[in-house]
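Please prepare a short briefing on the structure shown here. Group the points by topic and write them in whole sentences.

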Amino acid sequence: MKQLMSHPIYERISLSIFWILLILTPACTAQIKSGSPAPLFVSAQNASFNIGKRPLDIVLSDLNKDGKLDIVTCNEGDSVTVFFGNRAGGFTAAPGGPIRVAAHLIALGDVNNDGAVDLTATHHDRAGVEVLLGMGDGKFGPAANSPFSAHQRSKAHNHGLALNDINSDGNLDITTSNQEDNSLSVLLGNGRGGFSPAAGSPFAVGQAPYPHAVGDVNRDGKADIVTPNVRSNNVTVLLGDGRGGFSPTPKSPFGVASRPYYVAVADVNADGKADLVATHDDIGLITTLLGDGKGDFTQAPTSPFDLGRQAYKLVAADVNGDDRVDLVIGTDAGVAVLLTNADGSYVLAPGSPFGSSVYAKFAVGDVNGDGRPELITATEAGDITVLLPSRPAAKK
């Protein structure tokens with residue numbers, strides 16, 4: 001046998017096989033690599049920590065006026081925690097925390113025009129909006145007359161909170177979704193930390209409104225509001241008059257899939273007109289309604305998109321730098337990212353979902369100053385993780 005294997009013909013056959021394998025190996029490797037693209041986001045080194053509580057909401061803002069984004073979470077057990085960012089993706093606990101406040105949702109902004117970020121909070125089962133004025137160093141104190149009544153019923157079951165300049169007077173105003181009385185409240189700010197109901201507030205919407213979105217849907221330069229209505233399976237579009245008043249657009253409400261949970265106002269098909277995107281809390285569908293720029297909406301041809309898992313919180317942001325709005329979604333298994341195509345359709349980002357948490361809480365923002373947004377995720381156990389983009393921004 002040894003003599004047979006050493007015969008010249010076997011040597012030629014072996015050499016041929018060697019060269020064939022050598023030629024094919026790079027091609028096979030390339031196919032494996034192209035078939036398994038790198039995840040869009042990866043965990044940052046030394047950028048994870050535990051807050052010791054279950055986070056209910058997470059937001060980003062510069063609380064200590066150092067030009068760096070900080071993390072704020074409201075937590076189970078009626079507390080708010082603050083972590084200062086160091087511009088390298090790392091965070092340290094602010095001194096004096098946690099802040100004692102009953103909060104289910106929080107929104108940050110300068111409500112008294114003193115240059116420091118303030119905090120507004122609503123509780124899941126308590127009436128009113130708490131307003132805490134920031135001192136510019138991560139500490140807060142209650143505003144005079146806080147909490148402010150946002151609705152007529154004492155137990156309106158808050159499910160939405162936002163800060164925007166609703167009446168274009170340069171002062172931030174508060175809006176809340178009131179589940180039990182099917183309404184949306186508007187509290188107009190006086191620029192000194194005080195708030196009072198707008199004329200006609202609260203405004204009727206669909207049944208059991210959840211977190212609402214604010215945006216200009218009819219291109220008149222005035223703030224409009226959209227509520228996802230869990231029990232009536234539709235979204236209400238309220239057109240603003242620029243003075244704090246709202247009325248439904250003629251064809252509102254617009255039907256969507258069952259139990260719309262979160263809604264976003266964003267131009268997903270890049271036609272210069274605001275569109276609506278909704279998640280649904282008991283199914284994996286994402287509904288997209290394309291806007292005509294006048295306040296009317298129709299179902300997108302590719303809607304609904306099947307995410308394949310239950311979806312909750314929804315944020316619209318350009319996460320890959322291609323100048324198109326993408327969707328960041330908290331799911332039952334982490335944070336999913338849907339990249340938009342030129343026609344407004346979606347594709348799941350490589351590696352999505354990111355992290356691993358039931359009812360994932362998250363925020364989106366450039367925490368390390370590299371010009372690209374990062375994902376900050378929170379688990380049920382209170383673990384906070386910073387996820388960095390793994391690749392350069394897409395070519396424009």
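In this predicted model, His123 is in contact with Asp78, Ala102, Ala103, His104 and Asn158, leaving aside its neighbours within four places in sequence. The residue sits in the loop between strand E8 (118-122) and strand E9 (129-134). His123 has a relative accessibility of 17%, and because buried means under 20%, His123 counts as buried.

- Asn218 lies in the loop between strand E16 (213-215) and strand E17 (224-229).
- With 17% relative accessibility, Asn218 counts as buried.
- The contacts of Asn218, apart from neighbours within four places in sequence, are Asp224, Leu239, Gly293, Lys294 and Gly295.

- E7 and E8 are joined by 5 bridges in the antiparallel sense.
- In this pairing, Gly109 stands opposite Asp118 in E8.

**The sheet that starts with E1**

- Another open sheet has 4 strands in the order E1-E32-E31-E30, and its pairing is antiparallel.
- Its edge strands are E1 (41-50) and E30 (361-365), each of which pairs on one side only.
- From one strand to the next, the twist averages 20°.
- E1 pairs with strand E32 (residues 383-389) over 6 bridges, in the antiparallel sense.
- Within E32, Pro389 is the residue that stands opposite Phe41.

**Strand E2 and its partner**

- How many residues of strand E2 (residues 55-61) are buried? The count is 7 of the 7, so E2 is largely enclosed by the rest of the structure.
- E2 runs antiparallel to strand E3 (residues 70-75), and 6 bridges join the two.
- Pro55 has Asn75 in E3 as its bridge partner.

**The nonpolar cores**

- In soluble globular proteins, nonpolar side chains tend to be buried together.
- The largest nonpolar core here has 22 residues, and those with the most contacts inside it are Ile286, Leu307, Leu327, Ile329 and Leu338.
- At least two residues of this core come from each of strand E21 (260-266), strand E23 (285-291), strand E26 (311-317), strand E27 (326-331) and strand E28 (334-340).
- E21 gives the largest share of this core, 4 residues.
- A second, separate core has 19 residues, including Phe84, Val101, Ile106 and Leu119.

- Leu307 touches Gly284, Ile286, Ile329, Thr331, Ala336, Leu338 and Leu348, when residues up to four places away in sequence are not counted.
- Where is Ile329 placed? Ile329 is in strand E27.
- Ile329 has a relative accessible area of 0% and is buried.
- Among the residues that Ile329 touches, not counting those up to four places away in sequence, are Thr279, Ile286, Leu307, Lys313, Leu338 and Phe362.
- Ile329 and Ala360 are 31 residues apart in sequence, and their C-alpha atoms are 8.5 Å apart in space.

**The chain as a whole**

- The secondary structure of the protein chain comes to 2 helices and 32 strands.
- The chain has 396 residues, of which 53% count as buried.
- Of the contacts between residues at least 6 apart in sequence, 43% join residues at least 24 apart.
- The accessible surface is about 17400 Å², and 54% of this surface belongs to carbon and sulfur atoms.

**Confidence**

- The pLDDT of the chain averages 87, and 88% of the residues score at least 70.
- For residues 1-35 the pLDDT is below 50, and this stretch has 3 contacts in the model beyond near neighbours in sequence.
- Where pLDDT is low, the predicted coordinates should not be read in detail.

How values were computed. Residues are numbered from 1 along each chain as its sequence is written. This is a predicted model: local features need pLDDT of at least 70, side-chain atom pairs count only at pLDDT 80 or more; totals for chains, interfaces and linings use all residues. Side-chain values use heavy atoms; hydrogens and water are left out. Two strands pair if DSSP finds at least two bridges between them. Axes are lines fitted to C-alpha atoms, for helices over the stretch in contact, and angles run from 0 to 180 degrees between N-to-C directions. Buried means under 20% relative accessible area, exposed over 50%, partly exposed in between (1.4 Å probe, protein chains only). Contact means heavy atoms within 4.5 Å. Accessible areas come from the Shrake-Rupley method with a 1.4 Å probe; for residues, only the protein chains shown count as cover. A nonpolar core is a set of buried Ala, Val, Leu, Ile, Met, Phe, Trp, Tyr and Cys residues joined through side-chain atoms within 4.5 Å. pLDDT is the predictor's confidence in each residue, from 0 to 100.
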